[in-house]
Each structure stands twice: as C-alpha cells, then as structure tokens.
Amino acid sequence: MANDLFCCMQKHHGGKYMRVNFKRSAQTDVNMKKKQKQRRTLQSTLNTIGILMFIGILIRWWTVPFAVSKDLRIYYNQGFQMTLNECKEFLAFVLCAASVYFSLVNVYFLGKTGRRLVYTVLVLFAVFSLYMMLTLLAVATH
C-alpha cells in the first residue's frame, strides 16, 4: 500500500483508520554527517602524517653525513655519504613504502570490505616479517 518506505502506512485501530507517516529525524541526519566528517578528518590526518613522515625520511638522505663529535661539534663525515647506487635503492624503498602506506590508509576508509582487506594485508606483512627475521637469523648463525 505504501509508495515508499517513509510514508503512507495505514493501521486499523478501534474501528478508525490511522495514518502513520514515518520520517527520518534531523538528529539521525546530523549523526550520519558527523560520522562522515570524522572519517574524512581521520583520513586526512593520517594522510598528512604520512606526508610529513615520508618527507622526514627523505630528509635523512641529506642529513646522514652530518655527525656530532665528542666535544659536541657538528661536522661533515664523508664516510657516511651514500653512493649513487645506495641513493637509488633508498629512494625506491621510500617510494614503495609510501605507496603501500597511502594505499592502505585510503582503502581502509572505503568501507567494511576495505577494512578487512587492510587487516588481511597487515597480518600477511607481520607473518612475512617474522619469516624473514627467522630466515636472516638462520643464515647469520651459519
């Protein structure tokens, strides 16, 4: 009998027909908007933290050769300077880590399926890290 979900439900009550109109409360709309805003705020906060974190890691590229002497003076140590090949590897590592981080953060906020995917990937990373740690430990002790 109803044309849509929120109106025109009729009910028989004591010989009289009563018309019941269902309407969504304004408070529900405010709560939904507030949750969406909180999600966007958290997502943008995590993205901003990620940007600052990876910029900080890239700054290490230039700051690693500087050291502090015993008398607390800063000096430039040529031995700590990265070679061109090491710079390429470092840059590749940082870019791969940044792409994984930002992908996981943004997939997490796609919904329930995105959260499950992110948690699965994090568990796989943890298992792989433990496996690599044990493998490297076994190789180092032989």
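Helices (H or I, at least four residues) and strands (E, at least two) are DSSP runs, numbered from the N terminus. By that rule, Tyr 76 lies in strand E4. This is a predicted model: local features need pLDDT of at least 70, side-chain atom pairs count only at pLDDT 80 or more, and totals for chains, interfaces and linings use all residues. Residues are numbered from 1 along each chain as its sequence is written, and side-chain values use heavy atoms, with hydrogens and water left out.

**Overall fold**
- The protein chain has 3 helices and 4 strands.
- Their order from the N terminus is β-β-α-β-β-α-α.
- Among contacts (heavy atoms within 4.5 Å) with a separation of 6 or more in the protein chain, 38% join residues 24 or more positions apart.

**Surface and burial**
- The protein chain has 142 residues, and 11% of them count as buried.
- Buried means under 20% relative accessible area, exposed over 50%, partly exposed in between (1.4 Å probe, protein chains only).

**Asn 47**
- Asn 47 sits in helix H1 (residues 26-63).
- Asn 47 is buried because its relative accessible area is 17%.
- Leaving out residues up to four places away in sequence, Asn 47 touches Phe 102, Val 105 and Asn 106.

**Tyr 76**
- Tyr 76 counts as partly exposed because its relative accessibility is 39%.
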